[in-house]
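This report is written for a reader meeting the structure for the first time. Please keep the sequence and the model in view while reading.

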Amino acid sequence: MFTLLLALATTPAHAGDSAATYTAVCASCHGPAGAGDGPVAAALTPKPASFADAAFWADKKDEDIAKAIKEGGAAVGKSPLMAPFGSSMTDEQIKEMVAYLKTLKKE
Ligand code: HEC
């Protein structure tokens, strides 16, 4: 499990392609469509955030989402199992990822 997390956390992001990065790096936990139901999610408590859930976005600011991705869940008071991706993604890539995550929201 730890090795898997480490491998996920150190996978380099592909510039300008948030969807591909999401599928490669985030989907194992957050689910292919962002519903928080990836294969690794079953082993996690608390569960990964569901980006499909409109309620998730209700009180979220872009800066908070970006901070969670860059500095990890613990930096925003969430689970430390949400790894920091600041070393494998640039600020620009993180910004693009925030925009991509919003496209996963279901009304
Ligand atoms: C090892 C599993 C795992 C992977 C891989 C992962 N996450 Fe997470 N993520 C989590 C967990 C667990 C939480 C925290 C849920 C909680 O504490 O409510 C979380 C929370 C989040 C949050 C929400 C923070 C908040 O304010 O509620 C965002 C945004 C996020 N992840 C984005 C990403 C992105 C983008 C990627 C890929 C670059 C990614 N995650 C990869 C497990 C993961």
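## Gly-34 and its contacts

Apart from neighbours within four places in sequence, Gly-34 is in contact with Ser-50, Phe-51, Ala-52, Leu-101 and Leu-104. Gly-34 belongs to the loop between helix 2 and helix 3. Is Gly-34 buried or exposed? Gly-34 counts as buried because 25 C-beta neighbours lie inside 10 Å, where 20 or more are required. One of its contacts, Ala-52, is 18 residues away along the chain, and the two C-alpha atoms are separated by 5.5 Å.

When residues up to four places away in sequence are not counted, Ala-35 touches Ser-50 and Ala-52. Between Ala-35 and Phe-51, 16 residues apart along the chain, the C-alpha separation is 5.9 Å. Ala-35 has 17 C-beta neighbours inside 10 Å and therefore counts as partly exposed.

Pro-46 is found in this loop between helix 2 and helix 3, the latter covering 54–58. The peptide bond that joins Thr-45 and Pro-46 is cis, with omega at about -5 degrees.

## Overall architecture

What does the secondary structure of the protein come to? It consists of five helices and zero strands, and along the sequence the pattern reads α-α-α-α-α. The protein has 107 residues, of which 23% are buried. Among contacts with a separation of 6 or more, 42% are between residues 24 or more positions apart.

## Helix 2

Helix 2 comprises residues 18–30. A straight helix of 13 residues would span 18 Å, at 1.5 Å a residue, but the end C-alpha atoms of helix 2 are only 14 Å apart. Where is the kink in helix 2 centred? The kink is centred on Ala-24 and amounts to about 50 degrees.

The buried residues of helix 2 include Ser-18, Thr-21, Tyr-22 and Val-25. Cys-26, Cys-29 and His-30 are buried in this helix as well. After helix 2 comes Gly-31, which has a positive phi, near 90 degrees.

## The surroundings of the ligand

There are 24 residues around the ligand, and those that come nearest are Cys-26, Cys-29, Lys-78, Ser-79 and Met-82. Which helix provides the largest share of the shell around the ligand? Helix 2 does, with five residues. Helix 1, helix 2 and helix 4 each contribute at least two residues to this shell.

Sorted by class, the shell around the ligand contains 18 nonpolar residues, four polar residues and two charged residues.

Asp-62 is placed in helix 4. With 12 C-beta neighbours inside 10 Å, Asp-62 counts as exposed, because the class takes in residues with 12 or fewer. Asp-62 and Lys-102 are 40 residues apart in sequence, while their C-alpha atoms are 9.7 Å apart in space.

Gln-93 has its place in helix 5, residues 91–103.

## Confidence in the model

The protein has a mean pLDDT of 90, and 85% of its residues reach 70 or more. Among its elements, helix 4, residues 62–71, has the highest mean pLDDT, 97. Helix 1, residues 2–10, has the lowest, 59. Where pLDDT is low, predicted coordinates should not be read in detail.

Definitions and conventions. Residues numbered from 1 in each chain as written. Predicted model: local features only at pLDDT ≥ 70, side-chain atom pairs only at ≥ 80, totals over all residues. Helix = DSSP H or I, 4+ residues; strand = E, 2+ residues; numbered from the N terminus. Expected span 1.5 Å × (residues − 1). Bend = angle between axes of the 7 residues up to and from the residue. pLDDT = per-residue confidence, 0-100. Contact = placed C-beta atoms within 7 Å. Near = placed C-beta within 6 Å. Nonpolar A, V, L, I, M, F, W, Y, C, P; charged D, E, K, R; others polar.
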